[in-house]
Structure formats: structure tokens, C-alpha cells
Amino acid sequence: MSAVIARRSFLKGSAIAVAGASLALERAPAWAQKRELTMLSFNHFVPASDDELRRQADVFSKQAGVTVRVDTIAGPQMFAKRAAEVSSQSGHDVIVTGAADPFLYEQQLVDMGDLVDHLGGRYGGWYPFAKETCHTASGWRAVPWFWVAFVGSYNEVQFKKAGVQAPKTWDDLLKAGKVLKKQGNPVGIPISQCTDANITFWSVLWCAGGKVLEPDGKTPAINSDKAAGVVEWYKELYKDAMEPEVLSWDNASNNRFLLSGKGSWIHNPISPYVAAVEKKMPIADEINHHNSPGGPGGIHSATGVNSLGIWKFSKNIPLAKDFIKFLFEKENYNAFIKGGSAFNQPPLRGFAEHPIWASHPKYAMLPKEAEYVHEQGWPAKPNAAVQLIVVNFVLPNMVAKAIAGMPTKRALAWGEDQIRLALQGKLETKGK
Amino acid sequence: MAVGTRVLETVGRARPGRLARAREWWEQEHVFGYSLIVPALALIAGLVAYPFAMAIYFSLSDYWVGSPGSFVGLQNFRDILGNEIFRQTVSNSFVFTIIAVILKAVLGIWLAMLLFRPLRFKRLIRGAVLLPWVIPTALSVLAWRWMFDSLYSVVNWTGIRLGLMNPPGPNWLGMADYAMSAVIAVNVWRGLPFFAIIVLAGLVSIPREYYEAAEVDGASSWGRFRHVTLPLLKPVLAVVILFSTIFTFSDFNIVQVLTAGGPVNTTHLFATFAYQMGLTGGNLGQGAAVSLFLFPLLAAIVFIQLRYIRKE
């Protein structure tokens, strides 16, 4: 008993001594100094965007008297990193999520409803895709952060020479593409195992009025006349307006294709133009953008929405929410848009007035894209089955099979089989 | 045998101290021996046995990245066997491994024989041969990706200039057969030095007298290779083929960077498909089941080859 008392006395004495020393030094002792808040993101395509994020983290650190550490890793490593952090229940506080993540990690992410309501009320409301991508059946599991528009990037000089206009619909693209290919300037849509191939297929299918899954998220809807029409459209585009190289493309191939001066049109973010300007390539003057094409089903464009989630195991949840709120302060978010060279498009209507778009004629159409955008999976939520359909490249592979000679009906049946398999292994969550 | 404390007390000598007794216990052969291997065992248990046991557990559960899941028995294995992409992956893996290992063995022996000859700058050349094996795979495969690029392929450019190909040349990474040839070519390029250097070590260990005796008996160079070199290289070749088969079957980087399993899954291997299902797709249960399919295959190969080596 006496030993216990002695230990207590010692601890009490020590605490008084440390507090006294702290007062004397006017700051906390080293071990009690600043809490650390950590964030994990992917390496941004525009490195200056990450620089701006870190600058803002430093400002927040000073204001809140904490240390904010922003770690960035290669995008493809994010899948493994998220899984590892959840498995070990340790890691970063704030994590960048995307696509189906808020649904896959529904049980692991903190509810963000309060923050979403606050930001929506303050900055003009969220675009519809924000709810589609981050709101699960159990609530908001992430705060939509930024998204990147897939628009038509085209070579104006080649279009003018061929006497064709920038396409307003996918059928317009087919017609123009036939003329452009004869001129020696084919158009290009990847039909391969890459992200861009997925994104464009969803866009074309939606515009034709088709869908992959019913809104319930568990009934396949790909085997339809509308989807058959899309596959036929792809076959014709491949034969008469594109080159076979699209079967091997990765995400950067279409950029090279346009910048080489050979390609006349691609469906992509504005990255080729940004790269051409940065590298002072003469072709920059020839490139322009137009809104993603539409069709009989309206104008719809797929994208990947990047969002911010907080792990439930985080010991800094209120602080992490404050940090996210800070990133959305008007001054900060505007600087973030600027740092990302117009890549970082806002999910909040209030930021659509940023001068970067209005002041640049080639970017002027970008804010409008937000009205057409959906996360892959729509009209279903981007659930676990959608994730498998996307990462297994079921949709571009279905088209590639048809191009290789498989009858369209059989290709669609193959796609439907794969979708059924994805649904079979579907994660059971509240947000199904 | 340690002397008992009672005996010491009886003869009037002081009992040994606690430290001395601990030391005495520690120096016993069975204690000391096992203590030496404990660190290695802990390492194997932590880095091999535990992840392996976890993989087995995952493969028997419907474990997703964000939720723990429950036991589902062999359901994942049944599901992936019913998946055409998986069946394609199995076929790809065999084609890839068999062709790549044969090419590496034949070219590796040939390269080793060349390196074995007296050459100027022998050390420099032997060092240079190892380069493909030393350079980080992801980097070198990126360079290969550029060489097979649809727009800027230096392979096609050279072939067309030499009149060996018709413009625009093969679509290397866009057509199934070409893509498989491309991933095999890069795997052979990377794995060849490993083969060559180990075979070279085997060649160096063959006594010169055998060759001299064969020459005296009038053996041609092919005869010397067939009746002297090859039989004496057999144990080394068996080991190197064993290792190469395991490395090739479980290859990941080359396919992931070069084709990501495409076109239309025609170059997927077990590792790339398991990664796609388990980590990017989030279905850890099925991903683990895909990767575990590799285990009995490799175990059988190791068993057969080790038996053969022991016999030799």
C-alpha cells in the first residue's frame, strides 16, 4: 500500500513539475506538443495541386495548433493501402475515397452528414452526383471533394479542314469520325483494360438510354436493345473512324494520340491541353474542348468523384472534420482549383463561378459538365458489384469481344454473365 | 548432467548462484540449440505462416475490404471456377510459364556457354548480362511498354525500316497472341541472366579433365556438350528450373505494367487476377481463393523436382 501511495505522490509531483516547467517555457513539453492529424491522398496528376494542399495543411496546423501531415502515394496503391489500414484498424485519419469506396467501407467510415449539410448550405448546394456517390443507406460516408470532367478534346484545325463540327451527340462523332479518318486523322476511344475505356462506355450507354444495372443495384440490365445499339455503334466507330491501336490503350495513350497530331478527337479530361501548354507545344493552339456528347437518352457523362472520408478508428475525428471544413473555405478551395490547373472541379455549385473557367475560353464549358455527371453504376449506387464490373473491365471487354467477331447478342450475354458473377459476390451492407 | 544442489550441500560446497544456474540451464544442448533457431522460426511464422494462414481464412470467407465477412466454406472456389476470366487465367498461366521457362532454359544455357569462353572484358560482360535482373522490374517494364506502344513502338519502327514488317506493324499489346508474346519476351529478357549466371557457375565446376578425355576419344563439340556438359549440369539445371518455374508462375509486375491482364484478360496470371479481384475489386475472399489455386500447383512442382534432385 505504501508503495502505491509513493507512486501516486511521485506522479503528482512530476505532473506539477512538468506543468511548472511548461509555464516557465510558455509552451508544452515536447511529448505533450501538438497532436498530429494525418491525411492520405493519391499523387495528383498536377503536382502543384498537392503542393497547394500541403500549403493549406500547414496554415491549418498553425491555426489549430496541431500538426497536419499529408501523405501522397501512387493512385493504384490506394486500394491496397485502404484495405491495409482497415484491416489493422490504424493509419491515417482522413483518407481520400473514390467510386464505390464510401459503400465498400460503409461500416468503417464516420458519418459526415453534419459536415455535408453545413457545406451544402454555405456554398450553394451539392450537385446531384454528390449524393449518388457518397450517400449510402446509412448516410453520408464521405464528403465529395473534387471530380474531373471527361469532355471532348479535339483538334480544331483538323476538324475545320475536314469540314466537320465538334460533335454534340455520339452519332455526330461517328459521322465526323468517318470523314476525319479518311483525312488521316482518326478519332480515339480506348476499348481496353483501362479506366478511360470504362468511363466512356458508361457515358455512351447512358446517352443511348441504356444502363448496366437497374436502380435497385442487383438486377442486370445490360442485355437490352439499347446496349446492343451501343455495341454496334462501337463496332462501326472502330472500323470506320478509329485505328486498331485503341485495343491496347492505357490511360495516357489517348493523350499521346491527340498530342502527336495524328488523332483528331478523344474523350478525356483536359490533360492533353494542359500538358501542351506547359511544354509549350505548338499543337496547344489547335486543341479545344466541348461538352461530353449526348444522345437520345440525354447528356450523361461518367466520372470518378474523389471524396474525403474519416476512419472510425481515428482518434481525431472532430479535428479531421474541422480540417475538411477548412479545405472548403472559399479562399482555400479557390486556391485548390487554381493549383490543379482547372482539373479540380467542385461538387458544390457555389464554386462554379471560379475565374479560372470564365477567363479561359477553352475551359468555359467545364462547369456545365457538372449537370451531366454521374458516378459509374448510375442509376444504381456505385456498390460492390459495380466495383467488380469496373475493375474487371467487363464493359470494354464486352465491346472488344464483339469487335473481334463475337456476335453482338453473344457479347452482351457474356457481359450479362460477368455482371451476374459480380452480383453473386456482392458485399452485403446496409447500402446495397 | 548438471550436479544436483543437494549433492553440493552434502559435500559442503556453496549452492551456485541464480545466474550460474540460469547459465547452466541455457547451455544444455536442447535449450541452446532451439534458442538459436527461434529467431528464424519467428520470422517464418510472422512473415510466411501467418499471412498464409490468413489467406486460407480469407479464401474460406466472404471477406470484403470493408467488412469482416463470415465462413462460407469452399463457395469462393466454386464461384471462381465458374468464372470464365479465371479459367482463362489458368490457361494463360500455363502457356506463359511453359513457354517462358523453356526459352529461358535454352537461351540461358546458350548464354552461359558463350560467357564461359575466354573473352576480353569478361567481368564487364558478365556484369552487364546481369543488368536486366538488377534493374527494378517496374522501371524496365515501363521502358518495354514504350517499345511496344501502339503509336511510338520502336520495335515496329525498326521492323518496318528493315522491311520485316508491313506498316503499321503488329498491335503488340492490343491483340491476344501478340500480347502474350510480348509478356513472355519481357519475362525471358528479365529472367535470362538468373539462368545464365547459375548455369555458368555449374559450368565452371565441371573438371577440365572430362573434356580433355572426351576430346582424346574424338568427341565433337556437340558430343562433348551432350555427354559431358549436360549430364553434369543436370542437378544445377533442375534447381534453376525449379526456381524459375515458381518465379514465372507467380509473376506480377511484368503483366501488371505491360498489359494489366489485357487485351480481354488474355494475359492475366494468377497474381494479377488475384490483385484485381481482391484489392482493386475489394472481394478479398475470392482474391485469396484465386491466389491459393497457385499453391497446390507450385507444391506439386516443388515436390516432383526436389525428389528428382535427391535421386540425382
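Colleague: How are α9(A) and α18(A) oriented to each other?

Modeller: This is a predicted model. The axes of α9 (residues 195-207) and α18 (residues 394-403) of chain A come within 8 Å and cross at roughly 80°. Angles of 65 to 115 degrees count as roughly perpendicular. The two helices, α9(A) and α18(A), are therefore roughly perpendicular.

Colleague: Which residues of α18(A) meet α9(A)?

Modeller: By class, the contact has five nonpolar, one polar and no charged residues. From α9(A) come Ala197(A), Asn198(A) and Phe201(A). Their counterparts in α18(A) are Leu395(A), Pro396(A) and Val399(A).

Colleague: Which residues touch the most other members of the largest nonpolar core?

Modeller: That core has 174 residues. Helix α10 (residues 176-204) of chain B gives the largest share, 11 residues. The residues touching the most other members are Ile191(A), Ile389(A), Val399(A) and Leu258(B).

Colleague: What does Leu258(B) touch, leaving out residues up to four places away in sequence?

Modeller: Leu258(B) is one of the residues with the most contacts to other core members. Its partners include Ala182(B), Val183(B) and Val186(B).

Colleague: Is strand β7(A) mostly covered or mostly open?

Modeller: β7(A) spans residues 151-155. A residue is buried if 20 or more other C-beta atoms lie within 10 Å of its own. Five of the five residues in β7(A) are buried, and the strand is mostly covered.

Colleague: In which sense does β7(A) pair with β9(A) and β10(A)?

Modeller: Four bridges join β7(A) to β9(A), residues 265-268. Ser153(A) stands opposite Ile266(A) there. Four bridges also link β7(A) with β10(A), residues 287-290, where Asn155(A) has Ile287(A) as its bridge partner. Both pairings are antiparallel.

Colleague: What share of the residues of chain A is buried?

Modeller: Chain A comes to 19 helices and 13 strands. Its C-alpha atoms fill a box of roughly 95 × 50 × 35 Å along the principal axes. Of its 432 residues, the buried share is 50%.

Colleague: Which helix of chain B gives the most to the side that touches chain A?

Modeller: The contact takes 26 residues from chain B and 34 residues from chain A. The chain B side has 10 nonpolar, 15 polar and one charged residues. With three residues, the helix that gives the most is α14 (residues 270-280) of chain B.

Definitions and conventions
Residues numbered from 1 in each chain as written. Chains lettered and ligands numbered in written order. Predicted model: local features only at pLDDT ≥ 70, side-chain atom pairs only at ≥ 80, totals over all residues. Core = buried A, V, L, I, M, F, W, Y, C linked by C-beta atoms within 7 Å. Buried ≥ 20, exposed ≤ 12 C-beta atoms within 10 Å, placed from the backbone. Contact = placed C-beta atoms within 7 Å. Nonpolar A, V, L, I, M, F, W, Y, C, P; charged D, E, K, R; others polar. Pairing = 2+ DSSP bridges. Axes fitted to C-alpha atoms, helices over the stretch in contact; angles between N-to-C directions. Parallel < 35°, antiparallel > 145°, perpendicular 65-115°, else oblique.
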